[in-house]
Amino acid sequence: MGISDIMRLDVTSVWLVLSMVVVAAGVFYLYSLILRHLAKTTVRNKVVLITDSLSTLGNECAKLFHTGGARLILCGNNWEKLETVAERLMSESDPTLTFPPKLVELDFSNMESVPELISEILECYGSLDVLIFNSSMKVKAPVQSLSLQMDRIVMDVNYFGPVTLVKGVLPSLISRRTGHILLVNSIQGKLTVPFRATYAASKHAVQAFFECLRAEVQDYGITVSTVNHTFIKTPSTNSKDEDTATHFKPKSLGVNPEEMATELLKTLGSKKKEILMAHSIIPKAALYVRSLFPNLFFAIMAAGVRNTAAVEMSDD
């Protein structure tokens, strides 16, 4: 075999590999389109409640589900802003294929008003099919500098609020023997990070509650899914203040809100019980280290505190 024959074989092999790559990419693209279409059909005509619809993720979920033909109940702590979101959704969609969203002014930091609003929520469409718990209040401070009052507020928003709401609507879901409850929770529902004791405690508590609830309502045909994510990118994100699994996670590894909303839609179709949203191997590795080598995990966290203190002293 001469050199020219070898060169022809090499060129043929390269073209064969390139063709296979193009075909694989085309198949993957078509598969993604099919999954996206099937996911949208899962919410068509379904009554979907979204808490904190005014957040970046809440907005993206509202946009995606509204386009998919869901009958939305949008909750938030500001009526004027809710109206703005609803008006934008209706102006950007085909009114013959979508439903005007219902609005409920819901503020988990004011727990006294929540029980009364449960009746209002159920009266919107007479039933609920999907509940997306998206509310979250972040706080970062050393334990000794955070007041008990702030602890209670964080627990109200992140734990007691969702628990009160789900308990209020649960009889309706059980009587209909259907429903999907989806908790959007931080990865700190599974990991603890220094200077976020109150936040992590609230996220651990709500994670445990919904995991117990999953087992209790399964025989009623009700699905409970939990999505644990690293920080969600926002236009005004400052990486120093975001919810990360480590002190040194770069901002570029955050989850896009559009990607997160799509994942939630897919979860409603697949009925997957637990999802971890992270673009880095670090959070996933941290979960394994925490479970298998707890002393090593504690040592790493303590070292992070010492490094933070050293940096602050050097800045002073």
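What follows is a run of questions and answers on this predicted model.

Colleague: Which element gives the most residues to the largest nonpolar core?

Modeller: That core has 33 residues, and Ile73, Leu128, Leu165, Ile181, Phe210 and Leu213 have the most contacts inside it. Elements giving two or more residues to it include the strands β1 (47–50), β2 (71–76) and β4 (130–133), along with α4 (114–125), α5 and α6. The top contributor, with 8 residues, is α5.

Colleague: How many nonpolar residues are in the contact of α5 with α6?

Modeller: On the α5 side the contact includes Val154, Met155, Tyr159, Pro162 and Val166, and on the α6 side Ala205, Val206, Phe209, Phe210 and Leu213 are among the residues. Charged residues take part too, including Asp151 and Lys167 of α5 and Lys203 of α6. By class there are 3 polar residues, 3 charged ones, and on the nonpolar side 15.

Colleague: Phe210 keeps turning up. Which residues does Phe210 touch, leaving out those up to four places away in sequence?

Modeller: Phe210 is one of the residues with the most contacts inside the largest core, and it is also one of the α6 residues in the contact with α5. Leaving out residues up to four places away in sequence, the ones Phe210 touches are Phe133, Pro162, Val166, Ile181, Leu183, Val224 and Thr226.

Colleague: What about the other helix on α5: is α4 parallel or oblique to α5?

Modeller: The axes of α4 and α5 are 9 Å apart, and the crossing is right-handed. The contact is made by Val114, Ile118, Ile121 and Leu122 of α4 with Thr164, Leu165, Gly168, Val169 and Ser172 of α5, which divide into 6 nonpolar, 3 polar and no charged residues. The angle is about 40 degrees, and that makes α4, relative to α5, oblique.

Colleague: Now α2. At roughly what angle do the axes of α2 and α3 cross?

Modeller: The axes of α2 and helix α3 (residues 79–91) come within 10 Å, and α2 passes α3 in a right-handed crossing. Asn59, Ala62, Lys63 and His66 of α2 meet Val85, Arg88, Leu89 and Met90 of α3. The crossing angle is roughly 35 degrees.

Colleague: Glu60 is in α2 as well; is Glu60 buried or exposed?

Modeller: Glu60 is found in helix α2 (residues 56–67). Beyond four places away in sequence, Glu60 touches Pro257, Glu258 and Ala261. Its relative accessibility is 16%, and since the cut-off is 20%, Glu60 counts as buried.

Colleague: Where does Arg177 lie?

Modeller: Arg177 has a positive phi of about 55 degrees although it is not a glycine. At 48% relative accessibility, Arg177 counts as partly exposed. Its place is the loop between α5 and β5.

Colleague: Last one: which residues does Thr223 touch, not counting those up to four places away in sequence?

Modeller: Thr223 is in strand β6 and, at 10% relative accessibility, counts as buried. Its C-alpha is separated by 8.6 Å from that of Lys272, 49 residues apart along the chain. The residues Thr223 touches are Gly179, His180, Ile181 and Lys271.

Notes: Residues numbered from 1 in each chain as written. Predicted model: local features only at pLDDT ≥ 70, side-chain atom pairs only at ≥ 80, totals over all residues. Heavy atoms only, no water. Contact = heavy atoms within 4.5 Å. Helix = DSSP H or I, 4+ residues; strand = E, 2+ residues; numbered from the N terminus. Core = buried A, V, L, I, M, F, W, Y, C linked by side-chain atoms within 4.5 Å. Buried < 20%, exposed > 50% of the residue type's maximum accessible area, 1.4 Å probe, protein only. Axes fitted to C-alpha atoms, helices over the stretch in contact; angles between N-to-C directions. Left-handed = near helix turned anticlockwise from the far one by under 90°. Parallel < 35°, antiparallel > 145°, perpendicular 65-115°, else oblique.
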